[in-house]
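Subject: Structure handover

Hello,

Here is the structure I promised to pass on. Please open it and keep it beside this note as you read.

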Amino acid sequence: MPVVELPVTQFSSHHPKALNPFELPIMTDKDNQPINPEEEEAIKELKLRLQDEMKLEYLKDESMFLRFLRARQSNLNKAEDMLRNHIQWREKNDIDHMDTYKPPEVSKYFPMSLIAFSKAGNPVRYLNFGNMDAKAVQMLAYLMMTYEAHYPERLKKAYIINASVYFTLLFSVVKPLFTGATLSKISIYGKEGWKEDLLQHVDAEELPAFLGGTRVDTDGNPKCPSVVNHGGSVPPSYYLRSSNKRLCHQPGVKKLHVSRMSKVNVTLDVEEPGSHIEWEFETENKDIGFGLYFQSIDTLQEKQDKLKELIPKQRVEAHMACETGMFQCEIPGTYILMFDNSYSWLQQKEIFFRAIVVRPTGEKISVLQ
């Protein structure tokens, strides 16, 4: 299931038609809407509040302040919080040195490409998530949330095409994580209708034939592999099983022992609607069954054991790669991460995990188990 994305950023005509997405230059784009007097005053105030924490080059970039301000509907305090989080994120991920970043070799298996330019000059990015399972939907949600939190007002349009009914159901779970402004830019299609809409924004000769255009490779291949990275299965040799980057080596990680033929639950108490929970875990050896369940405050008070299944339990190969996920909590109550080893008659499992509750304010509460 591919995603075709049109960022707002525009490039001048001397840029090549296809770039390595990991070498995409960081460029600012002045918002087409003029700054009104109220926004001018708000930008001045934001600069005063953040002048001791931001680099001079960023303080000079009024378009950045404007984008963050508009992303929070001109709420000065919320825009300030958003910018502070962005500054911390840039430092943590060393974003200011992306020009020297060398992508790992394994990135060649990631199906993302800058494939064309729209009629308005916007770059067109293509991502192929293949058969969309729950983990892939969570990955898509994470990418979109990162985009929304750190590159506000940069997305012009995103087309999710060939979406299955299963994807639509899964997407409804993560949908509350996005703002209305972002959701208005996302269009979801089945097998019909998307080609015509894409061609309204991208010339047919620019768009690869498999996406509804007329562009093919020199050998006539409609999938245009010379431009489009379709990805592939990652060989086991790239897995982080023997790496010091594994979750078990990270700070704040808890360890669980799940005996053979047994289960262990990790509970997360959510007090405010609109919160969400995040988790990540890996096993020392072998796979583990995992599911997410919910118990309302009413059933707890009535001392009932009835649990509602939110994410169906399935066996996860968390010994090969760290498993991550998130869930939007519209109802207060107890959310339960269930680690199930009941199918194993002989093997005890060791699990390393982190889990947090994120309140609507953005405050993060770590789970102690």
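By what distance along helix H4 are Glu80 and Arg84 separated? They are separated by about one helical turn, because they sit four residues apart in that helix. Helices here are DSSP runs of H or I with at least four residues, strands are DSSP runs of E with at least two, and both are numbered from the N terminus.

Some ground rules come next. This is a predicted model, in which local features need pLDDT of at least 70 and side-chain atom pairs count only at pLDDT 80 or more, while totals for chains, interfaces and linings use all residues. Residues are numbered from 1 along each chain as its sequence is written, and side-chain values use heavy atoms, with hydrogens and water left out.

**Overview**

The chain has nine helices and 14 strands. It runs to 369 residues, and 43% of them count as buried. Buried means under 20% relative accessible area, exposed means over 50%, and partly exposed lies in between (1.4 Å probe, protein chains only). Now take the contacts with a separation of 6 or more: residues 24 or more positions apart account for 73% of them. A contact means heavy atoms within 4.5 Å.

**Salt bridges**

Side chains of opposite charge can pair when their charged atoms come close. The structure holds 17 salt bridges. To count, a side-chain nitrogen of Lys or Arg must lie within 4 Å of a carboxyl oxygen of Asp or Glu.

Back to Glu80. Its side chain meets that of Arg84 in a salt bridge, at 2.7 Å from N to O. Glu80 also forms a salt bridge with Arg49, where the closest N and O atoms are 2.6 Å apart. This second pair links distant parts of the chain: Glu80 is in helix H4 (residues 76-92), Arg49 is in helix H1 (residues 37-50), and 31 residues separate them. Glu80 is buried, with a relative accessible area of 12%. Arg49 is partly exposed at 27%, and Arg84 is partly exposed at 24%.

Lys108 and Glu105 make another salt bridge, at 3.4 Å from N to O. Lys108 is partly exposed at 43%, whereas Glu105 is exposed at 53%. Shared partners also join salt bridges into one network of Glu45, Arg49, Glu53, Glu80 and Arg84.

**Helix packing**

Two packed helices are described by the angle between their axes and the distance between the axes. Each axis is a line fitted to C-alpha atoms, for helices over the stretch in contact, and angles run from 0 to 180 degrees between N-to-C directions.

The axes of H1 and H4 come within 11 Å and cross at roughly 45 degrees. H1 and H4 are therefore oblique to each other. The classes are roughly parallel under 35 degrees, roughly antiparallel over 145, roughly perpendicular from 65 to 115, and oblique for the rest. Residues in this contact include Ala42 and Leu46 of H1, with Leu83 and Ile87 of H4.

H4 also packs against helix H3 (residues 62-71), at an angle of about 120 degrees with the axes 8 Å apart. This pair is therefore oblique. Met64, Phe65, Phe68, Leu69 and Ala71 in H3 meet Leu76, Ala79, Met82, Leu83 and His86 in H4.

Lys47 lies in helix H1. Leaving out residues up to four places away in sequence, Lys47 touches Leu59, Glu62 and Phe65. The C-alpha atoms of Lys47 and Lys60 are separated by 9.0 Å, with the two residues 13 apart along the chain.

**Nonpolar cores**

A nonpolar core is a set of buried Ala, Val, Leu, Ile, Met, Phe, Trp, Tyr and Cys residues joined through side-chain atoms within 4.5 Å. The largest one has 26 residues, and those with the most contacts inside it are Ile277, Trp279, Phe281, Leu337 and Phe339. Strands that each supply at least two residues of this core include E6 (254-258), E8 (275-283) and E12 (333-340). Apart from it lies another core of 21 residues, among them Leu140, Ile160, Ile186 and Met326.

**One last residue**

Pro123 lies in strand E3 (residues 123-128). Is Pro123 buried or exposed? It is buried, at 2% relative accessibility. Pro123 and Val202 are 79 residues apart in sequence, and their C-alpha atoms are 9.9 Å apart in space.

Best wishes
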